Amino acid sequence: MITFEQVSFGYIEEGSTLKDLSFTIEKGSITALIGANGAGKTTLAKLIRGLIRPTSGRILFNGKDISRMKTSTLAAHMGYLFQNPDRQICKNTVGEELDFTLEKTVPEEAERERRKAEVLEALQLDPEGEPFLLSRGERQKIALASALVHRPELLILDEPTTGLDYKECTQIMEYVKILNQQGVTVVMVCHDMEIVLDYSDHVIVMHDGRITADGLTRTILRDAKVLAASALLPPQIIGLSALLQADGYTGFEEVCTVDEMTACVEAYRREA
Ligand SMILES: Nc1ncnc2c1ncn2[C@@H]1O[C@H](COP(=O)(O)OP(=O)(O)OP(=O)(O)O)[C@@H](O)[C@H]1O
Ligand SMILES: [Mg+2]
């Protein structure tokens with residue numbers, strides 16, 4: 001769905017922020033962009049959405065060079081959640097905020113109303129709610145709702161769960177998962193490796209403007225060297241399975257979930 005061909009980008013003329021990036025994001029996947037602060041994740045997300053343009057190289061969306069696509073076409077096909085929801089919200093009520101996206105992207109009024117009602121219900125938002133009187137978590141949900149209410153083909157989320165409590169985080173991610181199961185491709189920047197493990201199928205690791213690893217989530221999150229080079233810690237269950245392996249226990253090589261860990265420990269107990 002998205003292909004980067006030797007893409008570089010610099011905010012200033014001298015020096016590149018992103019250097020020679022080439023990768024593909026498959027349709028139907030949930031891809032996590034991970035890396036330390038300043039690695040270039042937000043810059044990469046903005047390039048995908050066409051908010052900034054490469055200094056060199058090409059970005060293809062479904063085979064088309066996005067530099068040749070109209071801003072309105074990109075907006076209809078893609079949804080974007082900013083790292084800071086307050087930079088996105090611009091209307092006085094939740095309902096108006098959703099209308100703002102829908103009016104630009106969905107021509108039919110009945111369809112606009114249907115989509116709005118569905119998203120309000122799914123994220124339990126009050127259309128009369130005033131965003132700036134609500135909590136950080138609620139504002140995050142509003143910004144997310146406005147990014148996805150038009151049901152884009154590609155949803156780009158810059159840190160969708162940062163600053164949220166467990167319930168808010170689960171509510172948001174479960175809804176993103178449902179949308180993905182319905183065919184929406186998702187790219188999300190995320191610092192929480194537990195969420196990356198639970199919700200993504202692919203991971204791209206960034207370090208100092210370059211991609212240092214790109215592959216299946218279960219493979220990348222088990223790669224201690226790659227994670228350590230970006231100052232990232234593995235999810236707890238993978239860290240635990242690595243410790244057990246280091247202590248000479250076998251059979252934990254593939255363990256990534258609590259269920260898999262339980263099955264392995266049970267197997268040891270049966271043998272004992
Ligand atoms: N508008 C800008 N002008 C100049 N430099 C910028 C701008 N935005 C980001 N940068 C620089 O580009 C680099 C990459 O920033 P970016 O925001 O993409 O990183 P990030 O991986 O998203 O970091 P974080 O995890 O802190 O959000 C950093 O060195 C940052 O200081
Ligand atoms: Mg960022």
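**Figure 1. Packing of helix H3 against helix H5 in the predicted model.** Helix H3 covers residues 94-105 and helix H5 covers residues 136-148. Their axes are 8 Å apart and form an angle of about 30°. Angles under 35 degrees count as roughly parallel, and H3 and H5 are therefore described as roughly parallel to each other. The crossing in which H3 passes H5 is right-handed.

**Figure 2. Residues where H3 meets H5.** From H3, the residues shown are Val-94, Glu-97, Leu-98, Phe-100 and Thr-101. On the H5 side they meet Ile-142, Ala-145 and Ser-146. By type, the residues of this contact comprise 5 nonpolar, 2 polar and 1 charged.

**Figure 3. The two assigned domains of the protein chain.** Domain 1 runs over 2-232 in the domain assignment, and domain 2 over 235-272. A distance of 33 Å lies between the C-alpha centres of domain 1 and domain 2.

**Figure 4. Contact between domain 1 and domain 2.** On the domain 1 side, 7 residues take part, and they are in contact with 4 residues of domain 2. Helix H7, residues 193-199, gives the most to the side of domain 1 that touches domain 2, contributing 3 residues. The residues on this side of domain 1 include 4 nonpolar and 3 charged, with no polar ones.

Methods: Residues are numbered from 1 along each chain as its sequence is written. Chains are lettered from A and ligands numbered from 1 in the order in which they are written. This is a predicted model: local features need pLDDT of at least 70, side-chain atom pairs count only at pLDDT 80 or more; totals for chains, interfaces and linings use all residues. Axes are lines fitted to C-alpha atoms, for helices over the stretch in contact, and angles run from 0 to 180 degrees between N-to-C directions. Helices (H or I, at least four residues) and strands (E, at least two) are DSSP runs, numbered from the N terminus. Angles under 35 degrees count as roughly parallel, over 145 as roughly antiparallel, 65 to 115 as roughly perpendicular and the rest as oblique. A crossing is left-handed if the near helix is turned anticlockwise from the far one by less than a right angle, and right-handed if clockwise. Two residues are in contact if their C-beta atoms, placed from the backbone, lie within 7 Å. Ala, Val, Leu, Ile, Met, Phe, Trp, Tyr, Cys and Pro count as nonpolar, Asp, Glu, Lys and Arg as charged, and the others, Gly among them, as polar. Domain bounds come from an automatic or database domain assignment.
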